[in-house]
Amino acid sequence: MMHHSEHGVIENNYARIEGGAVYIMADENIFTMNGGIIRNNTAYYNGGAISCFEYRREQDWLLSHSLIYINGGIIADNQAEYGLGGAIYWEQFSPLYLSNCTITGNSAPRNHGGGIYVTTKSYGLHLSGTVNV
């Protein structure tokens with residue numbers, strides 16, 4: 001499934017568990033943000049703005065390949081209240097792509113990825129252009 005946002009605003013949301021603004025759990029999803037703003041969102045646990053983690057079914061971890069492309073835009077003033085990744089929590093077997101964007105003023109407790117938290121099992125974080133974190 002593909003989700004696409006172009007120059008939109010996602011703001012002032014609260015998630016009881018993960019992903020205050022965007023929550024991706026199923027396999028083979030793509031979220032693309034071209035410009036726009038994600039601000040003032042809160043998740044009780046991980047990913048104040050965006051949470052994306054591997055798909056789990058009946059105790060068997062499957063290789064999940066969801067992708068996020070953030071091309072421009074601002075992710076600001078989001079909060080993970082008791083978890084990781086104030087702006088983005090990324091636990092995937094595929095990379096996270098950030099290009100020409102600003103991630104600022106986000107918070108997570110005990111400095112666990114106030115901006116971005118990428119787990120060790122991820123394929124990484126790919127940056128291009130100017131990325132201000």
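Ground rules, briefly. The model is predicted, so local features need pLDDT of at least 70 and side-chain atom pairs count only at pLDDT 80 or more, while totals for chains, interfaces and linings use all residues. Residues are numbered from 1 along each chain as its sequence is written, and side-chain values use heavy atoms, with hydrogens and water left out.

Let me start with the core. By nonpolar core I mean buried Ala, Val, Leu, Ile, Met, Phe, Trp, Tyr and Cys residues joined through side-chain atoms within 4.5 Å. Buried is under 20% relative accessible area, exposed is over 50%, and partly exposed is in between, with a 1.4 Å probe and protein chains only. The largest such core has 19 residues. Those with the most contacts inside it are Ile50, Ile68, Ile70, Ile75, Ile88 and Leu98.

Which strands supply at least two residues each? Strands here are DSSP runs of E, at least two residues, numbered from the N terminus. The suppliers are strand 4 (22-24), strand 5 (30-34), strand 8 (50-53), strand 11 (67-71), strand 14 (88-91) and strand 15 (96-104). Strand 15 gives the largest share, 4 residues.

Take Ile50. Contact means heavy atoms within 4.5 Å. Leaving out residues up to four places away in sequence, Ile50 touches Gly19, Val22, Ile38, Ile68, Ile70, Ile75, Ala87, Ile88 and Tyr89. In general, nonpolar side chains in soluble globular proteins tend to be buried together.

Now strand 5. Of its 5 residues, 4 are buried, and the strand is mostly covered. Strand 5 runs parallel to strand 11, paired over 5 bridges. Pairing requires at least two DSSP bridges between the strands. One example: Ile30 has Leu67 in strand 11 as its bridge partner.

On to the aromatics. Rings of Phe, Tyr and Trp (its six-membered ring) pair if their centres lie within 6.5 Å; planes under 30 degrees apart are stacked, over 60 edge-to-face, the rest tilted. That rule gives 3 aromatic pairs. I will show two.

Tyr44 and Tyr82 are tilted, at 4.9 Å centre to centre with 50° between the planes. Tyr44 sits in the loop between strand 7 (42-43) and strand 8, and Tyr82 in the loop between strand 13 (79-80) and strand 14, so the pair ties together parts 38 residues apart in sequence. Tyr44 is partly exposed at 39%. Tyr82 is exposed at 53%.

Tyr69 and Tyr97 are stacked, because their planes are at 10° and their centres 4.9 Å apart. Tyr69 is in strand 11 and Tyr97 in strand 15, so this pair joins parts 28 residues apart in sequence. Tyr69 is partly exposed, at 28%. Tyr97 is partly exposed, at 28%.

Next, cysteines. How many disulfides does the whole structure hold? The search finds 0, taking a disulfide as a pair of cysteine sulfur atoms within 2.5 Å. Cys52 is buried at 0% relative accessibility. Cys101 is buried at 2%.

Last, charge. A salt bridge needs a side-chain nitrogen of Lys or Arg within 4 Å of a carboxyl oxygen of Asp or Glu. The structure holds 1. Glu11 pairs with Arg39, with the closest N and O atoms 2.6 Å apart. Glu11 is in strand 2 (residues 9-11) and Arg39 in strand 6 (residues 37-39), distant parts of the chain 28 residues apart. Glu11 is partly exposed at 32%. Arg39 is partly exposed at 29%.
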